Amino acid sequence: MKRPFVTGRQLEKIVRQFPTPFHLYDETGIRETARKLKAAFAWNPGFKEYFAVKANPNPAILKILREEGCGADCSSLTELMLADKCGFTGSEIMFSSNDTPAEEFQLAAKLGATINLDDFTHIDFLKDTIGTIPETISCRFNPGGLFTLGESAEGFQVMDNPGDSKYGFTKEQLFEGFKKLKAMGAKRFGIHAFLASNTLSNDYYPTLAGILFKLAVELERETGCHICFINLSGGVGIPYKPDQQANDIAVIGEGVRKQFEEILVPAGMGDVSICTELGRFMLGPNGCLVTKVLHFKHTYKEYVGVDACAANLMRPAMYGAYHHITVMGKEDAPCDHKYDVTGGLCENNDKFAIDRMLPEVEIGDLLVIHDTGAHGFSMGYNYNGRLRSAEVLLQADGSSRLIRRAETPEDYFATMLFED
Ligand SMILES: *Cc1c(COP(=O)(O)O)cnc(C)c1O
């Protein structure tokens, strides 16, 4: 059974201070997650998590993560600017972008970020843009084909399709790229790959690590490039559904260590640092969307209309993603009513849940939509003139603090150009 990180009583107090809808984040949970990750990889002295800023670009959240020793993984100009404003400097910033505009490479280089190239042609583009090749450089690998894990009668535990994704160098390009970069002055090399998203398996990282470690040994032997870090990127998932089992990051860390000791250490590469760029795993369960029931509608189905909409949380509309819903104050009531929970966009996919069994809902009830801490607020948009919500932090001492105000109509009109 999934429980919100906030109690009904706490939430009633919070909504008296901040009107719904808003995303609420759990400082204690964020810090605990960061500490567990760090402990799981403590065997690797150079380990660093570069939090994927796109998952939750809020300065207060980034500050907490920085205090816990994390860096920032950016992929756009404004994400780089945000990381800079939040105090991340130099090698604390990873720049993993694709289809990159020149000005973004310029800013990344100026900040001293580690640049992770997405394509062979970006080598010359980077050189032409910033006039040099940085001494530390990374390349993103795409092995092509299908990536699968754990075949059983029910199918694969994990299946994703790198061969159909736009990211990364082919293996041949990677070898050529490393040679070219070395000839252009690069001295410290990294390899990056992101082969599957939201994996619920303790085997994803260890399997990926095995692939990248073997590749690193081959690359170092054939090109003479000194491989200093291997970036396992994002992709460690979270249990959105109540019957799913959470990953155990300690087991994952041990699994990676085993590969490290079997592959890298015997090759004399035991000095390689491991990096991660987790977004969802760090923040997903440590955030929720708080919304209030406005209306009921009885037609061919039973609808519950709430004051949030897909503009506040796009995942259900975009991916058909499941987000668990708790009706506050009715946590232990039987789920004997079937509803579609909808927002007010003029789009029929604006549904947080379809045919969801919930306790009987009343107008004014507070609903907690779970697991919105990553790729929640940040995927928000202004369709239908809907405004982005506030973000509130439930702090370690139990108090709550506004960490982003809600947009106002003035924000909506700010970019419009009216003819007198
Ligand atoms: C999105 C992204 C991540 C984070 O992915 P999660 O699924 O949130 O862990 C990490 N690295 C890169 C390059 C990404 O694009």
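**Salt bridges and domains**

Guide: Lys 258 is exposed, with a relative accessible area of 52%, where exposed means over 50%, buried under 20% and partly exposed in between (1.4 Å probe, protein chains only). This is a predicted model, in which local features need pLDDT of at least 70 and side-chain atom pairs count only at pLDDT 80 or more, while totals for chains, interfaces and linings use all residues. Residues are numbered from 1 along each chain as its sequence is written, and side-chain values use heavy atoms, with hydrogens and water left out.

Visitor: Ok, which residue forms a salt bridge with Lys 258?

Guide: Lys 258 pairs with Glu 262, the closest N and O atoms being 3.7 Å apart; a salt bridge here is a side-chain nitrogen of Lys or Arg within 4 Å of a carboxyl oxygen of Asp or Glu. The two residues are 4 apart in helix α9 (residues 249-264), so about one helical turn separates them, helices being DSSP runs (H or I, at least four residues) numbered from the N terminus. Glu 262 is partly exposed, at 49%.

Visitor: And how many salt bridges does the structure hold?

Guide: The structure holds 25. One of them joins the side chains of Asp 124 and Lys 180, at 3.1 Å from N to O. Asp 124 lies in helix α6 (residues 121-130) and Lys 180 in helix α7 (residues 171-183), so this pair ties together parts that are 56 residues apart in sequence.

Visitor: Switching topic, how is the chain divided into domains?

Guide: Domain 1 covers 27-278 and domain 2 covers 285-406, with bounds that come from an automatic or database domain assignment. Their C-alpha centres lie 32 Å apart.

Visitor: What area do domain 1 and domain 2 bury between them?

Guide: They bury about 1600 Å², 56% of it on carbon and sulfur atoms, counting the accessible area (1.4 Å probe) that the two parts lose on being put together, summed over both. In terms of contact (heavy atoms within 4.5 Å), 18 residues of domain 1 meet 20 residues of domain 2.
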